[in-house]
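The following note is written for a reader who is new to protein structures. Please keep the sequence and the model in view while reading the numbered points.

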Amino acid sequence: MSDKLIIFDTTLRDGEQSPGASMTKDEKLRIARQLERLKVDVIEAGFAASSNGDFEAIRGIANEIKDSTICSLSRANDRDIARAAEALKGANSARIHTFIATSKLHMEMKLRMTPDQVFEQAKQAVRFAKNLVSDVEFSPEDGYRSDPDFLCRVIEAVINEGATTINVPDTVGYAVPELYGNFIRTLRERIPNSDKAVWSVHCHNDLGMAVANSLAGVKIGGARQVECTINGLGERAGNCSLEEVVMAIKTRRDYFGLDLGIDTKHILAASRMVSQTTGFVVQPNKAVVGANAFAHASGIHQDGVLKARDTYEIMRAEDVGWTANKIVLGKLSGRNAFKQRLVELGVQLDSEADANAAFAKFKELADRKSDIFDEDILALVSDESVVHHDENYSFVSLSQHSETGERPHSTVVFTVGGVEVTGSSDGNGPVDASMKAIESHVKSGAEMVLYSVNAISGNTESQGEVTVRLQNSGRVVNGVGADPDIVVASAKAYLSALNKLYSKVDRVAAQG
Ligand code: KIV
Ligand code: ZN
């Protein structure tokens, strides 16, 4: 048995299925570059047959990312599988991941198929995929709640058809560690050809046990691939978090005895990039990547860490990419210093025009804020006006008046399809007035289901990063905006959400 643990990242597929987290092709490419820097073994880039946008994103990633295996999900039918193979054509190393539900509940209620029909379709799908690529992964969806006898029959058959990885999803996050670990071990012991495939775990976090279950699947069950996402992003309570599972395996190498290919120094940048792109803020007490993960506030702890750091620290902050909040650039920094910092942060802009737009934004920011931190630069390059020139709505300027005892009033100037328009409104506060000012012109009728503000570098001088989640006709989108003025950041976030709301995405749900 190999003692290398394969890290399969599904941020761009299962993570993206989280309501509001859908990403554009450019956003996916940027995250894929960061995952490659992190040395993730397999990147599940999307679900090619779900939409043209996802197909193009997978194709773009397969053409550019060369150090990781690129994977597309596909349902167990020829059309989906052919679409996945087509999108993956440019990859150095391509994988098709095909799945079909095997639990009684899913087969009867969702698929309306008999077990024999599912068995035949699973075999047929793997056979078809195997003619197109050599690396084929098969997942029995809702595997953990499936009848073990039926599961053994299906898995044995798909391995005979050439499946090289068998992934056992706990689709609804129902498992507990010991039982899930034993479940995987039993399957491996009972299936005669189980040694012909790599076994993989895929756990959802509905009961907060996705990481623990995945680790049990590895330790007890003998799995050698973990499917996970940055920040644990994913539907409902999310997926197994990459940073937690990786740091557990690394920090407790004495117990797990496994090697990883991951370059952990890039974890924090990946976490920030995913959070800024999707608008899913990382909670401060989140393990490894939360703002408090390495902060020692209590006097006793501080004293201990100063005397000997391992009194309270089991990992080194710098090993996952934390550095002291340092001033990296300022008003006098030139174009080259700015570009150099982008390279060091792993940010690659698509063209010289993008680099110039980003530099102009940087200069504007440096005029208003004397110290520029890495976090500011990352927020700046995620700004819609730098990376998306073709967006319909774009912020221009804002003026607002608020005074104790008076109802605040705001006027927002923005462009719609390149044409400047102005909206004005009053509201309960300056932010509310600004949102209503935009809405007075756009009339989207969308419902705001989330509004949050986060100080990027932790104090009142910092930029505010605002997330706005809008819901309209069953679609949920997140918009993100950053600015030292949180009212402006809010207006930018609202426009960014409107852009997403009106972008044409007709998606087929993976679990649908
Ligand atoms: O959770 C799940 O079952 C999945 C499969 C499609 C692998 O994401
Ligand atoms: Zn899943």
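Does Gly290 count as buried or exposed? Gly290 counts as buried, because its relative accessibility is 0%. Here buried means under 20% relative accessible area, exposed means over 50%, and partly exposed lies in between (1.4 Å probe, protein chains only).

1. Basis of the note. This is a predicted model, in which local features need pLDDT of at least 70 and side-chain atom pairs count only at pLDDT 80 or more, while totals for chains, interfaces and linings use all residues. Residues are numbered from 1 along each chain as its sequence is written, chains are lettered from A and ligands numbered from 1 in the order in which they are written, and side-chain values use heavy atoms, with hydrogens and water left out.

2. Loop residues. Gly290 belongs to the loop between α11 (267–278) and α12 (299–307); helices (H or I, at least four residues) and strands (E, at least two) are DSSP runs, numbered from the N terminus. Although Asn231 is not a glycine, its phi is positive, at about 60°. Asn231 counts as buried because its relative accessibility is 15%.

3. A further positive phi. Lys443 is not a glycine either, and its phi is positive at about 50°. Lys443 sits in the loop between α17 (430–442) and β12 (447–455). At 63% relative accessibility, Lys443 counts as exposed.

4. His202 is buried, because its relative accessible area is 5%, and His204 counts as buried at 2% relative accessibility.

5. Eleven residues lie around ligand 1, and Arg13, Asp14, Thr171, His202 and His204 come nearest; a residue is near a molecule or strand if one of its heavy atoms lies within 4 Å of it. By class, this shell has two nonpolar, six polar and three charged residues. In this classification Ala, Val, Leu, Ile, Met, Phe, Trp, Tyr, Cys and Pro count as nonpolar, Asp, Glu, Lys and Arg as charged, and the others, Gly among them, as polar. Strands β4 (94–101) and β5 (135–141) each supply at least two residues of the shell.

6. Polar atoms at ligand 1. An N or O atom in the side chain of Thr171 is 2.6 Å from an oxygen atom of ligand 1. For the side chain of Arg13, the corresponding distance to an oxygen atom of ligand 1 is 3.0 Å. A polar side-chain atom of His204 also lies 3.0 Å from an oxygen atom of ligand 1. The protein covers 100% of the 260 Å² of accessible area that ligand 1 has on its own. Such areas come from the Shrake-Rupley method with a 1.4 Å probe; for residues, only the protein chains shown count as cover.

7. Strand β4. Eight of the eight residues of β4 are buried. In a regular strand the side chains alternate between the two faces of the sheet. In β4, Ala94, Ile96, Thr98 and Ile100 lie on one side and Arg95, His97, Phe99 and Ala101 on the other, and all are buried. Strand β3 (residues 69–75) pairs with β4 in the parallel sense over six bridges; two strands pair if DSSP finds at least two bridges between them. Within this pairing, Ser72 stands opposite Ile96.

8. Strands β9, β10 and β11. Eight bridges link β9 (residues 393–401) to β10 (residues 409–416) in the antiparallel sense, with Tyr393 opposite Val416. Strand β10 is also joined by eight bridges to β11 (residues 419–426), again antiparallel, and Thr415 stands opposite Glu420. The hairpin of β10 and β11 has two residues between the strands, and Gly417 takes a positive phi near 55° there.

Terms used:
Polar contact = N/O pair within 3.5 Å; in protein donor to acceptor, adjacent residues only side chain to side chain.
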